[in-house]
Amino acid sequence: MIKRRFVATLLLAVPLSFPVLAHAADGGAKTNDDDPSINALGIGVNQILKVLQVHPDSASDSCIGALKEMHAAQDQLSKEEGHENNQDVDVARDVTASTMEDVTTICGTDARTLCRESAGGNPTLAAACHALPHEED
């Protein structure tokens, strides 16, 4: 339990120290890619992370796992983008987008649950909840 709490805090708190998340190395989702769809997904993920940063214990094990996979995919994408004429960059972008969508779905559920249960008493949480991307039907 202590290890899970540490991992959750680490994965969710690191972006808090970077008000403008522009690169995955900051701990948040990538928002500076050549692909606008990656950037749009990253913005949504970062909004979800802002909610979960208020109460990191609200992140489920599934969310933490999805975040780890997203960070690994972003690292791989950065490596692929660093090579000229790399044909694998499109595959790396697809994998990154898929993992970001997973984070949006899994961690978004955790964030929305936290918002429903706790946003009323915490102005910081209420503001972060208000900025969450809308759920897709």
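Trainee: Before we start, what should I know about the model and its numbering?

Mentor: Residues are numbered from 1 along each chain as its sequence is written, and in this predicted model local features need pLDDT of at least 70, side-chain atom pairs count only at pLDDT 80 or more, and totals for chains, interfaces and linings use all residues. Side-chain values use heavy atoms, with hydrogens and water left out.

Trainee: How many disulfides does the structure hold?

Mentor: A disulfide is a covalent bond between the sulfur atoms of two cysteines. Here the term is given to a pair of cysteine sulfur atoms within 2.5 Å, and the structure holds 2 of them.

Trainee: Which residue does Cys63 join?

Mentor: Cys63 is joined to Cys107, with an S to S distance of 2.0 Å. Cys63 sits in helix H3 (residues 61-81) and Cys107 in helix H4 (residues 89-118), so this link ties together parts 44 residues apart in sequence. Helices here are DSSP runs of H or I with at least four residues, numbered from the N terminus.

Trainee: Is the link of Cys63 and Cys107 right-handed or left-handed?

Mentor: Right-handed, with 105° about the S-S bond. Both cysteines are buried, meaning under 20% relative accessible area with a 1.4 Å probe, protein chains only.

Trainee: What about Cys115 and Cys129?

Mentor: Their sulfur atoms are 1.9 Å apart in a disulfide. Cys115 belongs to helix H4 and Cys129 to helix H5 (residues 123-130), 14 residues apart. The torsion about their S-S bond is about -95°, so this disulfide is left-handed. Cys115 counts as buried at 15% relative accessibility, and Cys129 does at 14%.

Trainee: What is the pairing in sequence order?

Mentor: Number the bonded cysteines along the protein chain and you get 1-2, 3-4.

How values were computed:
Helices (H or I, at least four residues) and strands (E, at least two) are DSSP runs, numbered from the N terminus. Buried means under 20% relative accessible area, exposed over 50%, partly exposed in between (1.4 Å probe, protein chains only).
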